[in-house]
Amino acid sequence: MSFTDDTIKAKLSSLNETQESIASVAQWVIFHRRHADRTCAIWLSRLRESTPQKRLTLIYLANEVVQQSKARKKDDFLIAFSPVIAEATAMAYKGATNDVQEKIRRTVEVWNQRRIFDKPIQDAVEARMMETDKSRSDRKGGLLGGSLFSGGGSNASAPAELQPLIPLQIAVTKANATTNPAISTASTEFEKLNDASKPAPSPPVHAARLSALLKSLSSAESAVAESIKTRQSLVDGLETLLATNKSALEAEKSQLLATQDRRTTIEKKKTEIEDAIMRGAATETQSP
C-alpha cells in the first residue's frame, strides 16, 4: 500500500492499544520512512484531536517506531519526532488519568534508559511533564509523590536560582531540534546539486533545483539564527549565575579565613587558661 495522507490517517484511526495493532502500523510506518516528516505531522495532528486513551495509544506507536528505528540504526523518525515529541508527550500526559499518566511515565523512562533521543530532547520531554505535575501540585498544595523521574532529567523542585534557566534550556532544545534537520536537509541538497560526478541537468531543471536549494538554505539560516538567539540567552543566564556564585565563593573564602583566625585565637586562649589552671592546681598541691 503506497503512502498518502489519507492512508496514514486511516492507519492511525484504526490503531488500537493491542501490541499486534501497534506493531503492524509501526512496521508500515517505518517501511515508508522517507515520509517521516509528513507522518509525524499527521500523527501530531491526530494526537491533538484524540481522547486521552487514544493519545496513549499514539504515544505507544511513536515508542515502537523510534525504538525500532534506533535498533535498525535508521534515524529518519528519530529526527522527525525530535521537534514534536516533548509537546506531544506533554499533551498526552496533561489531563490524563493517573493510570494513563503512569503508563506514559514508564514509556518516557524507557526512552531515558535506552537513550532513544538525544539528551536535550529527553530533558525537554521530562521538563514538560514535570511542569504539568508542578502546576497540579501548586493548585493542591505540596508535591504529588516527589520527583517524577529518578536519576536524571529535569527536576520541578530545582533550586530557585536554577528555575530561570529551565525555560531557557527548553527553548534551546526546541531550537536545536529544528536547526539540525534544517541544516542536514540544506547540506544534502547542496552536495547533490554540486556533485561533479553527475551530469548537469537542463537549464530549467537546474533553475528549479537552485530555487529549492535557496529556500532550504534560507530556512536553515533562519533556524540557526534563532538557535543562536536562544542559546545566547541561556549563556547570559548561566554567566549571571556563575558571576553570582563566584562572588559568593569569594565571600565564603573570606568567611573561612575569619573563622579559622577566630578558632586559632580561641584555641590559644583556651590553652592559656588550661595551663593557668594546671599551674594553680600544682601550687595548691605543694602548699603545707
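**Two helices side by side**

A: In this predicted model, α4 and α7 run roughly parallel to each other, because angles under 35 degrees count as roughly parallel and theirs is about 15 degrees. Helix α4 covers residues 52-72 and helix α7 covers residues 98-114, and their axes lie 10 Å apart. As for handedness, α4 and α7 make a left-handed crossing.

Now for who touches whom. From α4, the contact takes in Pro52, Gln53, Leu56, Ile59, Tyr60, Asn63, Val66 and Gln67. Facing them from α7 are Val100, Lys103, Ile104, Thr107, Val110, Trp111 and Arg114. Sorted by class, this α4 and α7 contact holds nine nonpolar, four polar and two charged residues.

Helix α4 also has a part in the largest cavity, where it gives the most to the lining, with three residues. That cavity has a volume of about 50 Å³, and the count of cavities of 30 Å³ or more comes to one. Its lining is made up of Ile8, Leu12, Val29, Thr39, Trp43, Leu61, Ala62, Val65, Phe77 and Phe81. Besides α4, the elements that give two or more residues to this lining are α1, α3 and α5. By class, the lining of the largest cavity has nine nonpolar residues, one polar and no charged.

Helix α1 (residues 5-14) and helix α2 (residues 19-31) cross at roughly 165 degrees, with axes that come within 10 Å. That angle makes α1 roughly antiparallel to α2, since the cut-off is over 145 degrees. The crossing of α1 and α2 is left-handed. Their contact is formed by Thr7, Ile8, Lys11 and Ser14 of α1 together with Ser21, Val25, Trp28 and Val29 of α2. It splits into four nonpolar, three polar and one charged residues.

Helix α9 gives the most, with eight residues. The largest pocket holds about 520 Å³ of space and is lined by 19 residues, with Asp37, Asp76, Ile79, Pro181 and Thr185 nearest its centre.

How values were computed
Residues numbered from 1 in each chain as written. Predicted model: local features only at pLDDT ≥ 70, side-chain atom pairs only at ≥ 80, totals over all residues. Heavy atoms only, no water. 1 Å grid on protein atoms, 1.4 Å probe; cavity = no way out; pocket = protein on both sides within 12 Å on 5 of 7 lines; lining within 4 Å. Points joined across faces, edges and corners; volume = space filled by probe spheres on them. Helix = DSSP H or I, 4+ residues; strand = E, 2+ residues; numbered from the N terminus. Axes fitted to C-alpha atoms, helices over the stretch in contact; angles between N-to-C directions. Parallel < 35°, antiparallel > 145°, perpendicular 65-115°, else oblique. Left-handed = near helix turned anticlockwise from the far one by under 90°. Contact = heavy atoms within 4.5 Å. Nonpolar A, V, L, I, M, F, W, Y, C, P; charged D, E, K, R; others polar.
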